[in-house]
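Here is a short briefing on one protein model.

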Amino acid sequence: MSKRPENRLLFEGADWDFNSLKATYDAIEDIAINEMHLDVYTNQIEVITSEQMLDAYSSIGMPLMYHHWSFGKRFVRDDVMYRKGYQGLAYEIVINSNPCISYVMEENTIGMQALVMAHAAFGHNHFFKNNYLFKQWTDADGILDYLQFAKRYIAKCEDRFGFDAVERILDAAHALMDHGVNRYSHPEKPNLAVELERERERAKYEDETYNDLWRTLPQAEEDTETRDEQHSRLRREQRRAQFGLPEENLLYFLEKNAPGLQSWERELLRIVRNIGQYFYPQKQTKVMNEGCACYVHYHIMNRLYDKGLISEGAIMEFIDSHSKVVFQPDYDDPRYSGFNPYALGFAMMQDIHRICVAPTDEDKKWFPDIAGNNAPIPTLCDAWAQYRDESFILQFLSPKLMRDMKMFMIKDQASSPHLEVGAIHNDKGYRNVRRALARMHDLSVREPDLQVVDVDLRGNRQLYIAHTQHDGIRLDKSEAELTLGYIGQLWGYGVTLQAVDNDSSEILHEAHYTPDDLAPA
């Protein structure tokens, strides 16, 4: 058995100063870059107080943010809960920017600072820089400058147009932020010049084939109705082509087309929309992002101990904190609220590592491409870059981990008075469990699918919003009316909500709202 090297410790005890913090950071960076070969943005470590951490909480974790009453409300709530001991504070906050900003609290011990820097400054940082969703949808180089612009612009609007007028627009935009993102790459927009040429060709054809004698022939009532329906359908298709409908990004549509909005109000919608888009990848990668960061800090902290750079006391403090972070309560535990993303993510990363270096026959059957390749970190780096939570779980959740975490599937149909065990621990059951768990992390299932499907600006200006129902799940009536109220407030005219079946595309029911119906109470 090899003896652990007795190198000079990076720190002793719990206290820290900036020299020991810098030495610890350098040692962590050496392992992350030269041993793990992580690819990260330049790091910027900010040491802040607990009150500053609470302030960062309230402004959704951003170093620069405009003022809004909801941020103050969140600050007061978290401050009271923290001071009464009902909740703790996060160990860190990390910003997806270049340079990558990591906040650490000055109250932390030096051992905790090491954990936080490994977790945030290298784990999250690597994930932000390399995952395809963040590369496609976020601009790490420009986000800080954009937030500075947004803060200044909104302050100027408050001075010029009044606090209440600005707050009215921001309230509505914040309420619609989850529906103000592009979830998929947009196809090419319809070419309106081509549409106009097609309309001219249709009109020319009608002129050439028109015979005035036909006017004197008796017309069947159903023929008239059919012709009216055809004209109505044609006009609807033309409107949809003109506005690029259906449109999933409600804030984008309102920003571009709401008749009564002024230019500064449209800019406020654009600001909230861009910030919502910036956070959108984080909602799709919670398990992977936290699993990556936990795997990285676990590997780095153990390497620091193996190299004799931290003491037994420091590694025991780390193990205690790490265990609390990745703890998974049982289903009958009062603390249970589903799978802890830290626990599931870290367990999957460790399991992939095991499959790469010590696979079983079962692993070789399920994961022939990676089993026994003896390259766990490159395999993980590739997965961190290429997947989101849904596809990652669907690809890498193993039978062993399902057994270890005691996973099985229950079918709960509203039409049935009984629960049914839908999947157990056999080949078919493992696939069904994996598919069901992956679906739980699919935002298209978790969040309502609302899209603008029609609008008649030349008529009554009614706006048509379609909600696509999955598995018969309907919108909550009160929440739907609140959301439609904010849409109607920005649109300025009536709104119609259509419930559409996902499988048949049939309109199940409609609800019409006038501006008076949608007026805030």
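The protein has 22 helices and nine strands. The model is a predicted one. Of its 521 residues, 45% count as buried. Take contacts between residues at least 6 apart in sequence: 72% of them join residues at least 24 apart.

**Nonpolar cores**

- The largest nonpolar core holds 72 residues.
- Leu 38, Phe 122, Ile 300, Leu 304, Trp 384 and Phe 392 touch the most other members of this core.
- Helix α4, residues 110-130, gives the most to the core, with 12 residues.
- A second core is separate and has 49 residues, including Ala 258, Leu 261, Val 452 and Val 455.

**Contacts of Phe 392**

- Neighbours within four places in sequence are left aside here.

**Helices α7 and α21**

- Helix α7 spans residues 163-175, and helix α21 spans residues 477-491.
- Their axes come within 9 Å and cross at roughly 135 degrees.
- At that angle, α7 and α21 are therefore oblique to each other.
- The crossing of the two helices is left-handed.
- From α7, the residues in contact are Arg 168, Ile 169, Asp 171, Ala 172 and Ala 175.
- They meet Tyr 486, Gln 489 and Leu 490 of α21.
- By class, this contact has five nonpolar, one polar and two charged residues.

Conventions: Residues numbered from 1 in each chain as written. Predicted model: local features only at pLDDT ≥ 70, side-chain atom pairs only at ≥ 80, totals over all residues. Heavy atoms only, no water. Core = buried A, V, L, I, M, F, W, Y, C linked by side-chain atoms within 4.5 Å. Buried < 20%, exposed > 50% of the residue type's maximum accessible area, 1.4 Å probe, protein only. Helix = DSSP H or I, 4+ residues; strand = E, 2+ residues; numbered from the N terminus. Contact = heavy atoms within 4.5 Å. Axes fitted to C-alpha atoms, helices over the stretch in contact; angles between N-to-C directions. Parallel < 35°, antiparallel > 145°, perpendicular 65-115°, else oblique. Left-handed = near helix turned anticlockwise from the far one by under 90°. Nonpolar A, V, L, I, M, F, W, Y, C, P; charged D, E, K, R; others polar.
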